[in-house]
Amino acid sequence: MTDILEVTDLHVAVEGTEILKGVDLTLQQGEVHALMGPNGSGKSTMSYAIAGHPHYEVTSGDILWNGESILGLDADERAKLGIFLAFQYPVAIPGVSFANFLRAAVSSVRGYKERARAEAGGGNKVIGSELMPMREFRQELLAKMDRFDVDRTFARRYLNDGFSGGEKKRGEVLQMAMLEPKIAILDESDSGLDIDALRIVSEGINKLVADGMGALLITHYQRILNYVKPDKVSVFYQGRIVKTGGPEIAHMLDERGYAWVEEELAQALA
Ligand SMILES: Nc1ncnc2c1ncn2[C@@H]1O[C@H](COP(=O)(O)OP(=O)(O)O)[C@@H](O)[C@H]1O
Ligand SMILES: [Mg+2]
């Protein structure tokens with residue numbers, strides 16, 4: 001079965017100010033949808049709203065997963081459905097190793113906690129048993145680090161602590177490889193990457209998409225789209241999607257900037 005995420009006429013407010021003004025978007029597994037738009041147009045706001053960040057208030061419209069509203073679900077329930085958000089600015093957590101972070105995240109998304117608690121008769125019992133077994137986890141982690149070209153030393157390093165831009169993004173690819181989301185939102189995963197890092201991150205995304213992940217690729221630049229081929233490209237502008245088409249749209253934006261979109265909009269409204 002192919003999972004589908006649908007955003008319909010979504011309005012979102014942050015601290016009383018309406019930021020999203022009627023977003024419509026569909027993304028399914030195995031598909032790459034690129035989203036481009038100027039700074040401050042609301043791209044990250046939409047990402048957070050989809051992921052279920054409590055700060056972002058949906059005032060009207062809906063977010064549907066296989067046709068059913070997920071507005072009532074909190075962020076970790078949405079993650080369990082298979083929705084993943086790679087933050088524009090990943091946080092560093094000194095003291096928590098990448099491996100421990102991933103083991104906790106994978107255990108949560110795959111339901112180890114619930115199973116352990118059910119077996120313990122509903123109480124909050126042994127903490128260790130709420131995690132995916134260490135041997136199994138390590139085997140999978142090592143295999144995926146190799147497959148996705150992530151250095152094995154990553155496992156022991158503290159989460160994003162002192163990571164370069166490229167290393168953070170490789171770390172995100174590894175997170176996705178482990179969490180196996182159905183739909184991933186990548187918020188400017190290409191910003192600040194040199195060409196080698198961009199290529200490695202793109203290859204990782206391509207492998208995940210080939211495995212069936214759907215990707216919403218938020219980007220400022222056409223550059224990453226040379227490596228990750230989008231099925232659709234949409235332009236985000238002032239809180240909504242104003243144009244959707246093929247890769248040619250990304251090239252137009254690179255050449256002519258957003259003034260082109262503004263002119264088209266002005267003409268359409270005239
Ligand atoms: N947490 C927040 N508190 C107040 N304003 C916010 C918050 N998040 C976003 N905004 C505002 O919403 C608008 C859209 O921001 P954002 O979604 O980050 O745009 P983009 O990702 O397209 O650059 C901006 O005007 C920004 O100032
Ligand atoms: Mg943003």
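This is a predicted model: local features need pLDDT of at least 70, side-chain atom pairs count only at pLDDT 80 or more; totals for chains, interfaces and linings use all residues.
**Sheets, helices and a ligand shell**

Q: How many bridges join E1 to E2?
A: E1 and E2 make a hairpin with 2 residues between them, and Glu15 in that turn has a positive phi of about 45°. Along the pair, Ile4 faces Gln28 in E2. The two run antiparallel, and the number of bridges joining them is 9.

Q: What order do the strands of the open sheet of 4 strands take?
A: Start from the edges: strand E2 (17-28) and strand E5 (68-69) each pair on one side only. The pairing in this sheet is antiparallel, and the order is E2-E1-E4-E5.

Q: Which strands stand at the edges of the sheet, each with a single partner strand?
A: Take the open sheet of 6 strands, which is mixed in its pairing and runs E6-E9-E10-E3-E11-E12. Its twist averages 20° from one strand to the next. Two of its strands have a single partner each, so one side of each lacks a neighbour in the sheet; these are strand E6 (83-86) and strand E12 (240-245).

Q: What is the bridge partner of Ile83 in E9?
A: E6 and strand E9 (residues 183-187) run parallel, with 4 bridges between them. Look across from Ile83 and the partner in E9 is Ile183.

Q: What is the bridge partner of Ala34 in E11?
A: Strand E3 (residues 32-36) runs parallel to strand E11 (residues 232-237), and 4 bridges join them. Within that pair, Ala34 has as its partner in E11 Val233.

Q: Which residue takes a positive phi in the hairpin of E11 and E12?
A: E11 and E12 run antiparallel and are joined by 5 bridges. One of the paired positions is Ser234, with Thr244 across from it in E12. The hairpin has 2 residues between its strands, and the residue with a positive phi, near 45°, is Gln238.

Q: Why does the distance between the end C-alpha atoms of helix H5 agree with what it should span?
A: Helix H5 covers residues 134-147, which is 14 residues. Counting 1.5 Å a residue, and using one less than the number of residues, gives the expected span. That comes to 20 Å, and the end C-alpha atoms agree because they too are apart by 20 Å.

Q: At roughly what angle do the axes of H5 and helix H6 cross?
A: The axes of H5 and H6 (residues 165-179) come within 10 Å. H5 passes H6 in a right-handed crossing. The axes cross at roughly 130°, which makes H5, relative to H6, oblique.

Q: Which helix gives the largest share of the shell around ligand 1?
A: The residues surrounding ligand 1 include Val14, Glu15, Ile19, Gly37, Asn39 and His55. Lys43, Ser44 and Thr45 are also among them. The largest share is 3 residues, and it comes from helix H1 (residues 43-51).

Q: How many polar residues does the shell around ligand 1 have?
A: Gly40, Ser41 and Gly42 are among the residues around ligand 1. By class there are 2 nonpolar and 2 charged residues in the shell, and the polar count is 8.

Key:
Residues are numbered from 1 along each chain as its sequence is written. Chains are lettered from A and ligands numbered from 1 in the order in which they are written. Two strands pair if DSSP finds at least two bridges between them. Axes are lines fitted to C-alpha atoms, for helices over the stretch in contact, and angles run from 0 to 180 degrees between N-to-C directions. A residue is near a molecule or strand if its C-beta atom, placed from the backbone, lies within 6 Å of it. Ala, Val, Leu, Ile, Met, Phe, Trp, Tyr, Cys and Pro count as nonpolar, Asp, Glu, Lys and Arg as charged, and the others, Gly among them, as polar. Angles under 35 degrees count as roughly parallel, over 145 as roughly antiparallel, 65 to 115 as roughly perpendicular and the rest as oblique. A crossing is left-handed if the near helix is turned anticlockwise from the far one by less than a right angle, and right-handed if clockwise.
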